[in-house]
Amino acid sequence: PDKNRASTTVNIGLSISFIRIRGILIILYILYPLIEKMAALPGGTIPPLYRELYSLLCPDSKDRLDKAKWDLLANNSGLPSSTVSKIWSKTDSAGNDWLTRDGFYLSLIYISLAQQGKPVEQRLLQHIEGSEYPIPSLGSIDVIRGQLLKRQPDSNPTTLGYMYTDITQLDSVTVNALPGKKGMVLKHVEYEVESKNFHIKIVRRYRDFDSLHDLLLLRYPYRLIPRISPKRLNPDDNFLTDREHSLGRFLNIVMRHPSLREDEAVKFFMTFQGKDISSSLRERYRARPDEYETHESKKTAGQYVDGDLRGRIDAMKREISVLDNVFTTVYSVAQNMANRSKAFAKDMEKMSKALKDLNKDGGGSRTWSVHVSDTWGQMKSRMSDVAQKITIISERSAQQSTREIYGFVEGIAYFLDLIRAFIDLFDRRDKQIVQKLQKLHSKQSSGEEVAILSGRNMFCYFVINLEAQLFHTQLEHLASTILEMVETQVTGHMELLSAWKEVLPILDKLPFSPGPASPI
């Protein structure tokens, strides 16, 4: 009887457990659509920004956005960390540590609502049902892209990890000389600087650029630091124009350099709105140690530098000199092309003015001989029409010159600046390291001095390797510049051909034969 009673108790217990489990499953089955609905997107219109952000953060089309990238974006929202964590929990309810596309879009909705001061609650989604999803404030696409690029490079420290498009998207800077000169006694030119990255317009003098250039050379002796236009007393207009272009190229190269653009002195230069920026720059940043002293790879750089790398870098030093000779010639030819277009525009302007003068007083009488004839009057009238067409030719040639200067001439100059920055880098290495090492070896100096310089030499090789990769990404810039040169010439010659053809119908109406009797 006891055994039967125990068996009956066990069966009842199992039955009750089975009923409970079945009840739980039924409840989950009923609640699952509701849970799924809580994590689903509300019906509405997806803004283009949502798609653009997803494509930027998840370019491989795997429909999985990892939490690290999402955190990078969410940190731009300005929301408290507790709110950010709550948004992630709401959208990654399964605890996968990644989001689907819909989950990412839902997180953007919650971020936008939280920025409006609203709670992160699912019930609020019903208020945007059927309308366009709200736009969160997360900074510009360019800024987000730059943040991604900072964490993108390969884990191998000898690999740069950037493509040309990545470099160009880091920033784009314009430098324009403001009209008129400033100063009571010593006149100077001011430049308006605008950066896409900083979204700010600042005004700088040449000495401000010069101070920044000096500071970069001190801080980064083994990096590509582009030259800037030299100082000159009483510069003429042509020199000032060349300087304006040079300063623009200088800032673009700096702001597209993954390391230089993050320098505190550069950021200060690009954002400071006070007076006497030059003195402020020097006071704040002149005493800094150079990059070698503070770099994380200071002690480990040597393990990445082998004989093959040293050999390639030494060969690069010879090749860069050849490139300098070649593209100095190319730049000179490009300038000549632009100057010829400009000179031709001026010649056509003179010709047009001269032909128009025929119809002014003193431009010749209607009949300038004893024989009465209207030939000269017709000739003057037609020449006035020709002058108008010549004016168009002059204008198009001037436009061509502008396209050439701001297109392939500046493009070649930009590439040439990079080449010369490399030449200057090798010169600094020779003076600061190689020559000193040679002297120490010749004097049989202590091992400590040699070890210090040898460490710098290994670090220099390590950094030059990265700079060489950065330089090679710019080869695409060279290719696009040559393409632009060809397209500019095709466009310019076609426009001039069209303008010259418009002259022909007018010439057909000229009185080439004055009649049976000569007016003379």
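Colleague: Which charged end sits over the ring of Phe 269, and how many Å is that charged end from the centre of the ring?

Modeller: In this predicted model, the charged end of Arg 204 sits over the ring of Phe 269, at 5.2 Å from the ring centre. A further case involves a lysine, since the charged end of Lys 67 sits over the ring of Trp 88, 5.4 Å from its centre.

Colleague: Before going on, I would like an overview of the chain. How many helices and strands are there in the chain, and what percentage of the residues is buried?

Modeller: The chain has 17 helices and five strands, and buried residues account for 40% of its 520 residues. As for how the chain meets itself, when contacts between residues at least 6 apart in sequence are considered, 73% join residues at least 24 apart.

Colleague: How do I read the burial pattern of a helix, and which residues of helix H2 are buried?

Modeller: The general idea is that an α-helix has 3.6 residues a turn, so residues three or four places apart point the same way. In helix H2, which spans residues 48–57, the buried residues are Tyr 50, Leu 53, Tyr 54, Leu 56 and Leu 57. These residues cover an arc of only 160° around the axis, which puts them on the same side of H2.

Colleague: One of those residues is Tyr 54. With which ring does Tyr 54 pair, and how is the pair oriented?

Modeller: A pair of aromatic rings is described by the distance of the centres and the angle of the planes. The structure holds 18 aromatic pairs. In the pair formed by Tyr 54 and Phe 104, the ring centres are 5.7 Å apart and the planes stand at 45°, so the pair is tilted. Because Tyr 54 belongs to helix H2 and Phe 104 to helix H5 (residues 101–115), the pair ties together parts that are 50 residues apart in sequence. Tyr 54 and Phe 104 are both buried, and they belong to one aromatic cluster together with Tyr 50, Tyr 105 and Tyr 133.

Colleague: What should I look for in a nonpolar core, and which residues touch the most other members of the largest one?

Modeller: In soluble globular proteins, nonpolar side chains tend to be buried together. Here the largest nonpolar core has 44 residues, of which Tyr 222, Ile 419 and Phe 422 touch the most other members. The elements that contribute two or more residues to this core are helix H13 (307–356), helix H14 (375–443) and helix H15 (447–473), and H14 gives the most, with 17 residues. Taking Phe 422 as an example, and not counting residues up to four places away in sequence, this residue touches Leu 224, Met 316, Ile 320, Ile 464, Glu 467, Ala 468 and Phe 471. Apart from this core lies another, of 34 residues, which includes Trp 70, Trp 88, Leu 99 and Leu 138.

Colleague: Where does Ser 394 lie, and is Ser 394 buried or exposed?

Modeller: Ser 394 is placed in helix H14 and is buried, with a relative accessible area of 9%. When its neighbours within four places in sequence are left aside, Ser 394 is in contact with Ala 345, Met 348 and Glu 349. The C-alpha atoms of Ser 394 and Lys 342 are separated by 8.9 Å, although these residues are 52 residues apart along the chain.

Colleague: How many disulfides does a search of the whole structure find?

Modeller: A disulfide is a covalent bond between the sulfur atoms of two cysteines. The search of the whole structure finds zero disulfides. Among the cysteines, Cys 58 counts as buried at 5% relative accessibility, and Cys 460 counts as buried at 0%.

Colleague: Which value of phi does His 199 have, and where is His 199 found?

Modeller: The phi of His 199 is near 50°, a positive value in a residue other than glycine. His 199 is found in the loop between strand S4 (190–195) and strand S5 (200–205), and counts as exposed at 55% relative accessibility. Asp 276 also has a phi near 50°; Asp 276 lies in the loop between helix H10 (264–271) and helix H11 (277–285), and counts as partly exposed at 37% relative accessibility.

Notes
Residues are numbered from 1 along each chain as its sequence is written. This is a predicted model: local features need pLDDT of at least 70, side-chain atom pairs count only at pLDDT 80 or more; totals for chains, interfaces and linings use all residues. Side-chain values use heavy atoms; hydrogens and water are left out. Buried means under 20% relative accessible area, exposed over 50%, partly exposed in between (1.4 Å probe, protein chains only). Helices (H or I, at least four residues) and strands (E, at least two) are DSSP runs, numbered from the N terminus. The arc is that of the directions from the helix axis to the C-beta atoms. A nonpolar core is a set of buried Ala, Val, Leu, Ile, Met, Phe, Trp, Tyr and Cys residues joined through side-chain atoms within 4.5 Å. Contact means heavy atoms within 4.5 Å. Rings of Phe, Tyr and Trp (its six-membered ring) pair if their centres lie within 6.5 Å; planes under 30 degrees apart count as stacked, over 60 as edge-to-face and the rest as tilted. A charge sits over a ring if NZ of Lys or CZ of Arg is within 6 Å of the ring centre and within 35 degrees of the ring normal. A disulfide is a pair of cysteine sulfur atoms within 2.5 Å.
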